[in-house]
Amino acid sequence: MSVSDRKLDQSRMPYQLPMPAEAAPEIVVPHVLPDDERVWVPQMENVWFRPLCLHVGQGYWVNLLRVRKSGVLSRHRHPAPVHGHVLRGRWHYLEHDWVAETGSYVFEPPGETHTLVVPEDCEEMITLFHITGAMIYVDPWGKVTGFEDVFSKIDMCRAHYAANGLGADYVERFIRR
């Protein structure tokens, strides 16, 4: 039977067999844009991230990046792919002639090095990013000035949540192994 010959199962009966014992539980975040400001983890002045999935076994993270300032945010390189979806505002890279604005999807291939800029007339930018591997911060000539990976993101979350009353273990809901 070919895929096109199959009939769509319209029954409302859920799957009846157990899930694989090794399967990680799903993550459901009911309010991606939270009412509680404490969920946003400060990254630098006027820049925060909100974790959604921190997958240590596969070395990626999914988060919202929120920026409430204009100007150069960071220059960085990606050794692995990045996917982005702009939820609010807009931004661009100095190295390219396109602008990512509300509703835009951006794919950044491995090897990309770029300088993220939020324009002057943008009050708030929020973009969902799925980042695999690391963000390697560099100067204009490629000299490494720092990095972030899933483990440093978890450390930032733990410290922030411990300090603001949510508790260091608050981050556990986003971690998958």
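1. Let me start at the surface. Met19 is exposed, with a relative accessible area of 60%; here exposed means over 50%, buried under 20% and partly exposed in between, with a 1.4 Å probe and protein chains only. Met19 sits in the segment before strand E1 (41-44), where strands are DSSP runs of E with at least two residues, helices are runs of H or I with at least four, and both are numbered from the N terminus. Together with Tyr15 and Leu17, Met19 makes a nonpolar surface patch of about 390 Å². Patches are made of residues with over 30% relative accessible area and no salt bridge, with nonpolar side chains (Val, Leu, Ile, Met, Phe, Trp, Tyr) joined within 5 Å and like charges within 9 Å. The areas come from the Shrake-Rupley method with a 1.4 Å probe, and for residues only the protein chains shown count as cover.

2. A word on what you are looking at. This is a predicted model, in which local features need pLDDT of at least 70 and side-chain atom pairs count only at pLDDT 80 or more, while totals for chains, interfaces and linings use all residues. Residues are numbered from 1 along each chain as its sequence is written, and side-chain values use heavy atoms, leaving out hydrogens and water.

3. Now the overall build. The protein has one helix and 13 strands, in the order β-β-β-β-β-β-β-β-β-β-β-β-α-β from the N terminus on. Its C-alpha trace spans about 55 × 45 × 30 Å along the principal axes. Of the 177 residues, 41% count as buried. Among contacts (heavy atoms within 4.5 Å) with a separation of 6 or more, 62% come from residues 24 or more positions apart.

4. A salt bridge here is a side-chain nitrogen of Lys or Arg within 4 Å of a carboxyl oxygen of Asp or Glu. In the bridge between Arg68 and Glu124, the closest N and O atoms are 2.8 Å apart. Arg68 lies in the loop between strand E3 (60-67) and strand E4 (71-77) and Glu124 in the loop between strand E9 (113-118) and strand E10 (125-132), so this pair ties together parts 56 residues apart in sequence. Glu124 also meets Arg88 in a salt bridge (2.8 Å, N to O). That pair, too, links distant parts of the chain, with Arg88 in strand E5 (residues 82-88), 36 residues from Glu124. Glu124 is buried at 16% relative accessible area, whereas Arg68 is partly exposed at 38% and Arg88 is partly exposed at 37%.

5. The structure holds eight salt bridges. Another of them joins Glu172 and Arg177 (3.9 Å, N to O). Glu172 is partly exposed at 31% relative accessibility, and Arg177 is exposed at 64%.

6. Do take a look at Asp149, in strand E12 (residues 144-149). Asp149 is buried yet has no salt bridge, and the nearest side chain of opposite charge, Lys153, is 9.3 Å away. For charges, Lys and Arg count as positive and Asp and Glu as negative; His and the chain ends are not counted. Leaving aside neighbours within four places in sequence, Asp149 is in contact with Trp61, Gly133 and Ala134.

7. Finally, the cysteines. The whole structure has zero disulfides, a disulfide being a pair of cysteine sulfur atoms within 2.5 Å. The sulfur of Cys53 is 12 Å from the closest cysteine sulfur, in Cys157, too far for a bond. Cys53 is buried at 13% relative accessible area, and Cys157 is buried at 0%.
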